Amino acid sequence: MGSRTGKWHVRDGVAALCVALACLLTPLALLATWAAHDLADTGRYVRTVTPLASDPAVREAVAAAVGDAVVRELETRTAGDAAVAPFVRDAIDSFTRTAAFRTAWEAGNRALHDAVLHALRDDAPTAGPVTVDLAPVTTQVKQRLEADHMPYAHRIPVEHTAIPVVPAEEVAGLRQGYRALDAAAFWLPLTAAALAVTGVAVAASRRRTLTATGLGTALGGALLAVAVAAGRRLTLADLSDDVHRPAAGAVYDALTATLRTASWLLLAVGVGVALTCWLTGRPALRRRPVSYAHLTLPTT
């Protein structure tokens, strides 16, 4: 009896270790999968950010940034004629409400994502920063200003200039991080699933172990949801510009929508598994065998 009890203790210890590791790796696997398959996929990224072209906060931030850049260029080329600045900003604000802006927004985000992703996946040595050409976007802005007969609109330069978006010294580190993330997105889910199955299989009390697995999974989902919310707060706290903070919040919410949904789904599945195991394990709900020992056949 003692050897059997000791064997059960060993099995329960191995099961507890496997389940704990599986519950720890599950939210990390979910995070890596989201980053590798959502953020690193150009099509999904563009489909996610395209609706933001209609968000008022995003339109305001884009209008402010582009308007300031255009005004600075015009002031340089027109000897500081500041009278045109309000008209230019109004025109650009009006442009952000058109279908042309939504097309430019989608094209610009696609070009930016393609440039960064190409740099991360390229094995060639980095010769300089990651750049993107926004000349098509500038062309559409210029055409709109010219159509509205805005002064000096024809002087806005449209040149295929390489605009740096990622410094050269950061490309190597980002490339290594991307490769590690891509590998993690494949191996972490498999490892977490294998550990969970192993833990339940070797446990002396599989129902109890499965309940613990469900509770641990639910806890991991809850912690991931809290981490997403904390990441949003920290991201916005680093922005000093009040104009760009609402826009950054809208972008963050759009990019993490899938991750938030997955974290709450993980929480619900974990609680559901734990609750099912607990309910089916209650003595009152178990089917009790019927004893016929007290019954006697009538005698004739």
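Reader: Is Phe-186 buried, partly exposed or exposed, and what is its relative accessible area?

Author: Please note that this is a predicted model. Phe-186 has a relative accessible area of 49%. The class of partly exposed lies between under 20% for buried and over 50% for exposed, so Phe-186 is partly exposed. Trp-187, at 54% relative accessibility, counts as exposed.

Reader: How many aromatic pairs does a search of the whole structure find?

Author: A pair of aromatic rings is described by the distance of the centres and the angle of the planes. Here the search of the whole structure finds 2 aromatic pairs. In one of them, the ring centres of Phe-101 and Trp-105 are 6.2 Å apart and the planes stand at 40 degrees, so this pair is tilted. Phe-186 and Trp-187 also pair: their ring centres are 4.9 Å apart and their planes are at 85 degrees, so the arrangement is edge-to-face.

Reader: Let us turn to helix packing. At what angle do H8 and helix H10 pack, and how far apart are their axes?

Author: Two packed helices are described by the angle between their axes and the distance between the axes. For H8 and H10 (residues 257-280), the angle is about 160 degrees and the axes are 7 Å apart. Angles over 145 degrees count as roughly antiparallel, so H8 is roughly antiparallel to H10. Their crossing is left-handed. By class, the contact of H8 with H10 has 16 nonpolar, 8 polar and 2 charged residues.

Reader: Which residues does Thr-211 touch, not counting residues up to four places away in sequence?

Author: Thr-211 has its place in helix H8 (residues 206-237). On the terms of your question, Thr-211 touches Ala-274, Cys-277 and Trp-278. Its relative accessibility is 18%, so Thr-211 counts as buried.

Reader: How do the axes of helix H7 and H8 cross?

Author: The axes of H7 (residues 168-202) and H8 come within 8 Å, and they cross at roughly 150 degrees. H7 and H8 are therefore roughly antiparallel to each other. On the H7 side the contact is made by Ala-196, Gly-199, Val-200 and Ala-201, and on the H8 side by Arg-206, Thr-209, Leu-210 and Thr-213. By class, these are 4 nonpolar, 3 polar and 1 charged residues.

Reader: Which residues are in contact with Gly-249, leaving aside its neighbours within four places in sequence?

Author: With those neighbours left aside, Gly-249 is in contact with Arg-232 and Leu-236. Gly-249 lies in helix H9 (residues 244-255), and at 2% relative accessibility Gly-249 counts as buried. Gly-249 and Arg-233 are 16 residues apart in sequence, with 8.9 Å in space from C-alpha to C-alpha.

Terms used: Residues are numbered from 1 along each chain as its sequence is written. This is a predicted model: local features need pLDDT of at least 70, side-chain atom pairs count only at pLDDT 80 or more; totals for chains, interfaces and linings use all residues. Side-chain values use heavy atoms; hydrogens and water are left out. Helices (H or I, at least four residues) and strands (E, at least two) are DSSP runs, numbered from the N terminus. Buried means under 20% relative accessible area, exposed over 50%, partly exposed in between (1.4 Å probe, protein chains only). Contact means heavy atoms within 4.5 Å. Axes are lines fitted to C-alpha atoms, for helices over the stretch in contact, and angles run from 0 to 180 degrees between N-to-C directions. Angles under 35 degrees count as roughly parallel, over 145 as roughly antiparallel, 65 to 115 as roughly perpendicular and the rest as oblique. A crossing is left-handed if the near helix is turned anticlockwise from the far one by less than a right angle, and right-handed if clockwise. Ala, Val, Leu, Ile, Met, Phe, Trp, Tyr, Cys and Pro count as nonpolar, Asp, Glu, Lys and Arg as charged, and the others, Gly among them, as polar. Rings of Phe, Tyr and Trp (its six-membered ring) pair if their centres lie within 6.5 Å; planes under 30 degrees apart count as stacked, over 60 as edge-to-face and the rest as tilted.
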